[in-house]
Amino acid sequence: MNPFQSLPGPITVLLIVIVLAAAATWIIPAGEYDKLSMSEDGARFMVTGGASGAAPLPLTDRTLDSLGIRIPLEKFTGKAIRKPVGIPGSYHPVDGNPQGLLGILQAPIKGIYDTIDIILFILVIGGFMQVFNASGAMVRGIAALSVRMRGRESWLVVLLTFLFSFAGSSYGMAEEALVFYPILVPLFLAAGYDLLVPLMVIFGGTQLGTLSSISNPFSTIIASNAAGVNWMEGLNERILMFVVSTGIAIWYTVRYAQRVKKDPASSIVLRTDGAVHTHYEMPALSADVSAQLDWRTRGLLLVFLFTFLGMIGGVIFLEWWLLEMTMLFLASTMLLGLLLRLPEKKLVGQFIKGAEELLSVAFIVGIARGVTLVLNEGRISDSMLYYAAQWIGHMPPALFVVLLLCLFLFLTLFIASSSGMAVLTMPIIGALAVVVQVPGQETVNAYLYGMGIMGFLTPTGLLLPSLAMVNVSLAAWWRFIRPLLLLLFILCAAFLIAGTLFHA
């Protein structure tokens, strides 16, 4: 019996993490930083968390200077900063709120409430993919593509990993990438690869992009604003990091994919999980399959393609988010039903069946949010930041920035939201970095690199939903990814040290 097969599943792992987070609320002293935000009418600042409750302050640069916040006023008035910002030096103990059995049981449910938009997005994607797959266009399209790319499949890995990494780095692609598993899993299986290859191309690609985050508005721009630096500072370093880190990851993935294709027994999935199956496997392709597609199949594939292009265009140019993206896939499902002339009951039945297949993925997303809620309700999220900042606050610059990278590795285990991490930590860490003479841009980069590396492993992010999409265990993923993560950590530490010394 394979010992890895006895490891708990992703939902059980998350429930264990919730229990551990609740236990931490009994051990770590409760405390909070005061928070600064704009009033609802946008006419003044409001400070919350002090003894007097919510206190109004003038909406001026002088107010920001007096609080030690280096964020320009226009970032608040222009709504670039939307979440409450921690005030440096304002940490104070508060009455603890240890989370007991009731809090543990409520956390997954509250997490599902809090992520209902993401959950609905995932379920609608499942319904859309089921209706499309039932048409047979997917199998015929992949069969034709496999014929055209026969002998050149590794170039698909190179091209698609680059594209997903660029999408993550440029505009922050994350949850949207879940829609590509039904497309690419059967394609790479047909090429003779195992399930880790599409997982690395899609999840690994977008995660690589968040590590470098050239212009990601949800991390780079928000974090730079919160740290009081122009997001263009450090841009050249992030572009170079994007090129180098993506190149290393592509080399690593192609090397593994070619080894598996040459010797299927070398597959980490096979050696760790055994012969697993996914919802997206397709029948074996016959040797005489044609690369030509009939007009009906081409039309269906065009609808499929334009749905995804519409989603990407909407996010980039129209500021779409989950509501609009979910609407798009629902509308495309109805359009497919009309083109396929499906009876109403059959269309609804196929849609519900597809949603059911991704229900476990949707639950994983919601339960993961429950971890953060336990820490927030236990009032220890700020405490973890405070004590960690005190520990690294008296180090030489080069050592400080590496330890700062390690700090963000640790915090990402509990705070997977890039924007939430930025507004919580950057004002505090940014002020501390000034004291030890670390450039603001390297503080931002340490945050990006730390969240980027730990994003490959944290159970509170998109890792567990992605693993569930392809039915690969956490153990198999860990065996695959750990050498690459070591390389990325060394690379990031070297970039941070070089940047700190160069700008000293």
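## Helices α16 and α21

Helix α16 (residues 359–377) and α21 have axes that come within 9 Å and cross at roughly 170 degrees. Axes here are lines fitted to C-alpha atoms, for helices over the stretch in contact, with angles running from 0 to 180 degrees between N-to-C directions. Helices themselves are DSSP runs (H or I, at least four residues), numbered from the N terminus. The two helices are therefore roughly antiparallel to each other, a label for angles over 145 degrees; under 35 counts as roughly parallel, 65 to 115 as roughly perpendicular and the rest as oblique.

On the α16 side the contact (heavy atoms within 4.5 Å) is made by Val 361, Ile 364 and Val 365, and on the α21 side by Leu 464, Pro 465, Ala 468 and Met 469. These residues divide into seven nonpolar, no polar and no charged. In this scheme Ala, Val, Leu, Ile, Met, Phe, Trp, Tyr, Cys and Pro count as nonpolar, Asp, Glu, Lys and Arg as charged, and the others, Gly among them, as polar.

## Basis of the values

This is a predicted model, in which local features need pLDDT of at least 70 and side-chain atom pairs count only at pLDDT 80 or more, while totals for chains, interfaces and linings use all residues. Residues are numbered from 1 along each chain as its sequence is written, and side-chain values use heavy atoms, with hydrogens and water left out.

## Helices α8 and α21

The axes of helix α8 (residues 181–190) and helix α21 (residues 463–470) come within 10 Å and cross at roughly 50 degrees. The pair is therefore oblique.

Tyr 181, Pro 182 and Val 185 of α8 meet Ser 466, Met 469 and Val 470 of α21. By class, this contact has five nonpolar, one polar and no charged residues.

## Helices α17 and α18

Between helix α17 (residues 381–392) and helix α18 (residues 397–412), the axes come within 10 Å and cross at roughly 160 degrees. That makes α17 roughly antiparallel to α18. α17 passes α18 in a right-handed crossing.

From α17, the contact uses Met 384, Leu 385, Ala 388, Trp 391 and Ile 392; from α18, Phe 400, Leu 403, Leu 404, Leu 407, Phe 410 and Leu 411. The class count is 11 nonpolar, no polar and no charged residues.

Val 17 lies in helix α1 (residues 10–27). At 16% relative accessibility Val 17 counts as buried, where buried means under 20% relative accessible area, exposed over 50% and partly exposed in between (1.4 Å probe, protein chains only). Beyond its neighbours within four places in sequence, Val 17 is in contact with Val 371 and Pro 459. Its C-alpha atom is separated by 9.3 Å from that of Phe 414, 397 residues apart along the chain.

Thr 333 belongs to helix α14 (residues 322–340) and is buried at 4% relative accessibility. Leaving aside neighbours within four places in sequence, Thr 333 is in contact with Phe 128, Val 131, Leu 347 and Phe 351. Thr 333 and Pro 93 are 240 residues apart in sequence and 52 Å apart C-alpha to C-alpha.

## Cysteines

A disulfide is taken as a pair of cysteine sulfur atoms within 2.5 Å, and the count by this rule is zero. Cys 406 is in no disulfide, with the nearest cysteine sulfur, that of Cys 492, 11 Å away. For Cys 492, the closest cysteine sulfur is in Cys 406, at 11 Å, too far for a bond.

Cys 406 is partly exposed at 31% relative accessibility, whereas Cys 492 is buried, with a relative accessible area of 0%.

Technical notes
Left-handed = near helix turned anticlockwise from the far one by under 90°.
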